[in-house]
Amino acid sequence: MTAKTADGKEIGKEERHYHPQATNCRDTKEKYGAQWKVANIRDTSIQPHQAKKETFEFDLPEGVRTADITVDLFYEAVNPDNKYPIHTITRRVSLDKE
Amino acid sequence: MRIILLLLIAAFVMPLSNVEAQKAKTIDELAKMFDASQCKSCHAEIYAQWEKSHHARPLMGVKGGLMLTPLALKKGEKGSTAFSEDDPKKMKISNFPCFKCHLPQAVTHAEDSVAVELTEALLAKDSEKVAKLQITCIVCHNEKAIIHKRELGGPEKGVLYSAKEVTSHPDATFKTVKKSAIMNNSVYCGQCHGLGPNLEFDQAFQCANLYGSYLHNYVSGGGTQSCQDCHMKKGDHLIAPNFNDEKQTSELLASALSLHVETLGYEWLRKANTYTPKVVVTTKITSNAGHRIPDG
């Protein structure tokens, strides 16, 4: 999730990561690759029948009353540079009533 | 003359019908044993779908990667694994536990020399040679088609198994197609798209959890669709996703996951006469997949 001012200055950025996380059960380092992993120790992945709800909250800098919000949902395979876009949703939020 | 003729016939059919009789000593021999290119002549569309699938390149990873390379590295070398050896010549089939699913025919039909040749090919980055090793039609429609072997016996030589029976199959080697008890069932895919840690090996490891997720998070919540219902619609043997096709993968993911966003802007009153301009964004991701995302 990214928030920018109307002139494009970034004022907020947060990420959430959804995936099973495994170690080799001999140390506490997460492992990537079946040849090193032994068992999941945490699982934040998106499960069937279970919605993932998040709340992102941030303060606007002084004098800023409008923010452009962009929420990107994408899938990463093998490494973070290999992205598959899924959804992008944008919203303009204003503190001034029209 | 009759003997010569019989020998000629035997030589002609050996690549497919003789898979039970002997083990392959080389990658080429193993590839030939399970070569299914003859299927293309009658099943062109299905074959073309399979050619683009990850089943056609099970050792190649995503976008051309050679995913077994860490196992081939010299023991102790950075990036090597518990399955690596200090000399490629020492590598055996058992040094590649990934074969359980990524190349099941190697476990049953390959000599350790195939493991040595593969190790050397991986170290030489010989993608062309590694790519010869595939999960072909014969692997799925014969080798993996029966899981009730005590009741039904093992896969028969010269027989293919499918979702429906074909009494007369016009092929020189596989003349019969028998109905598989499980080919339409998720458990068939679950043989490889797994339950979690592979604890039966002397060095446990974990690959896919997908079937475990299906059983424990989808079926348990009332889900009734099978893997095949979603991933093999109309018999599609691409069995998406194909991670080498970015557009198609994005579309598949978008069809499985929905994203809903709501925003709120207001001025928060922390204490008298002190307002903080604030934005709140709430997101909700829902999934209609029958398993966790991501998994494999």
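Colleague: On what conventions do the values rest, and at which pLDDT do side-chain atom pairs count?
Modeller: Residues are numbered from 1 along each chain as its sequence is written, while chains are lettered from A and ligands numbered from 1 in the order in which they are written. Side-chain values use heavy atoms, without hydrogens and water, and in this predicted model totals for chains, interfaces and linings use all residues, local features need pLDDT of at least 70, and side-chain atom pairs count only at pLDDT 80 or more.

Colleague: How many aromatic pairs does a search of the whole structure find?
Modeller: Rings of Phe, Tyr and Trp (its six-membered ring) pair if their centres lie within 6.5 Å; planes under 30 degrees apart count as stacked, over 60 as edge-to-face and the rest as tilted. Over all chains, the number of aromatic pairs found is nine.

Colleague: Is the pair of A:Tyr75 and B:Phe243 stacked or edge-to-face?
Modeller: The ring centres of A:Tyr75 and B:Phe243 are 5.6 Å apart, with 25 degrees between the planes. Planes under 30 degrees apart meet the criterion, so the pair counts as stacked.

Colleague: Where in chain B does the partner of A:Tyr75 lie?
Modeller: Helices (H or I, at least four residues) and strands (E, at least two) are DSSP runs, numbered from the N terminus. The pair crosses between chains, and A:Tyr75 belongs to strand β6 (residues 66-76) of chain A. Its partner B:Phe243 lies in the loop between α13 (227-231) and α14 (246-256) of chain B.

Colleague: Why are B:Tyr47 and B:Trp50 separated by about one helical turn?
Modeller: B:Tyr47 is buried at 9% relative accessible area, and B:Trp50 is buried at 8%. They are separated by about one helical turn because they are three residues apart in helix α3 (residues 44-51) of chain B.

Colleague: What is the radius of gyration of chain B?
Modeller: The radius is taken over C-alpha atoms, and the globule rule is 2.2 Å times the number of residues to the power 0.38. A compact globule of 296 residues would have a value near 19 Å. The C-alpha atoms of chain B fill a box of roughly 110 × 50 × 35 Å along the principal axes, and the radius of gyration of the chain is 24 Å.

Colleague: What share of the residues of chain B counts as buried?
Modeller: Chain B has 14 helices and six strands. Of its 296 residues, the share that counts as buried is 42%.

Colleague: Which residues of chain B are in contact with A:Gln35?
Modeller: A:Gln35 lies in the loop between β3 (20-23) and β4 (39-43) of chain A and is buried, with a relative accessible area of 12%. Contact means heavy atoms within 4.5 Å. Leaving aside neighbours within four places in sequence, A:Gln35 touches B:Met67, B:Pro70, B:Leu71, B:Thr81 and B:Phe83.

Colleague: Is A:His19 buried or partly exposed?
Modeller: A:His19 lies in the loop between β2 (10-13) and β3 of chain A. Its contacts, leaving aside neighbours within four places in sequence, include A:Glu30, A:Arg42 and B:Pro294. With a relative accessible area of 26%, A:His19 is partly exposed.

Methods. Buried < 20%, exposed > 50% of the residue type's maximum accessible area, 1.4 Å probe, protein only.
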